[in-house]
Amino acid sequence: MNSRSISVLITFLAASLLSGAVQAALQGRDLDGDAATFEAYYDTVLDITWLGDANYARTSGYDADGTMAWSEAKTWTANLSIYDAVNGITYDNWRLPAISPVNGVNFNLSYRTDGSSDLGYNITSPGSELAYMYHVNMGNPGYYTPEGTVSDCFSSGLPCTSYDPITFFSGGYYGVGPFWSGTQFFNPGDAFPIPYDEAWAFGMHDGGQVAGSEFNTFGAWAVSPGDVAAVPEADAWAMLLAGFGLVGAMARCRRG
């Protein structure tokens with residue numbers, strides 16, 4: 001095997017490593033040095049990092065039950081600092097999840113259950129970070145089907161939702177209540193939109209996206225832009241080491 005062939009092989013191994021990372025939807029991030037647990041999860045599609053504890057406001061002692069008005073939720077996330085004991089870094093770039101129009105242009109406020117409107121159910125657009133997490137990453141159904149009927153599991157009273165690998169608090173409907181987004185609601189009919197003291201929220205208990213009064217007390221889930229504490233996956237490391245080992249073997253053969 002000549003040097004060009006070895007170079008092509010290493011390029012292939014590196015490409016395989018990268019493609020493996022892209023295929024994964026959520027990648028665990030160890031922030032406390034305990035490899036058995038993950039304290040955050042990087043979303044490779046949305047390019048954001050979610051806290052592994054969706055009710056960290058409560059478990060950290062900031063708030064008694066972890067629910068708060070919209071302005072307080074924004075303040076809490078903006079001032080949040082998480083220390084990464086593995087890399088010795090403090091992450092302080094946190095915010096509430098964002099919601100942008102499903103059609104990529106403007107918010108559609110007609111109520112629909114087929115995911116084509118911003119108000120309703122079964123939204124799978126990555127523009128709504130909470131909806132994308134709920135429906136796509138977690139695979140949860142909405143209370144209503146796209147056709148507008150109540151989902152079988154909800155009508156039967158069976159457990160309908162799974163939040164793995166995220167830890168959610170117990171409270172609200174079906175054990176989990178609505179969560180704030182960081183996006184304020186505006187009246188799209190005005191030439192100069194005026195806020196209605198409402199903000200977009202998402203029902204992590206039923207998959208419904210709504211605009212709620214900013215004075216309501218909903219959950220606050222912190223996310224950070226980009227990937228914090230990025231580490232190569234174990235199988236990726238193995239592929240790279242195998243490639244380097246092969247290069248070494250080829251070099252020894254050439255010397256022999």
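S2 and S3 are joined by four bridges in antiparallel pairing, where strands (E, at least two residues) and helices (H or I, at least four) are DSSP runs numbered from the N terminus, and pairing requires at least two DSSP bridges between two strands. Opposite Leu 51 in S3 stands Ala 40. This is a predicted model, in which local features need pLDDT of at least 70 and side-chain atom pairs count only at pLDDT 80 or more, while totals for chains, interfaces and linings use all residues. Residues are numbered from 1 along each chain as its sequence is written, and side-chain values use heavy atoms, with hydrogens and water left out.

S2 and S3 belong to an open, antiparallel sheet of four strands in the order S1-S2-S3-S13. Strand S1 (26–29) and strand S13 (223–225) are at the edges with a single partner strand each, so one side of each has no neighbour in the sheet. On average, neighbouring strands of this sheet are turned by 25° against each other, direction ignored; axes are lines fitted to C-alpha atoms, for helices over the stretch in contact, and angles between N-to-C directions run from 0 to 180 degrees. H4 lies across S1, S2, S3 and S13 and runs at about 75° to S3.

Confidence is expressed as pLDDT, the predictor's score for each residue from 0 to 100. The chain averages 81, and 73% of the residues score at least 70. Over residues 1–23 the pLDDT stays under 50, and the model has 18 contacts (heavy atoms within 4.5 Å) for them beyond four places in sequence.
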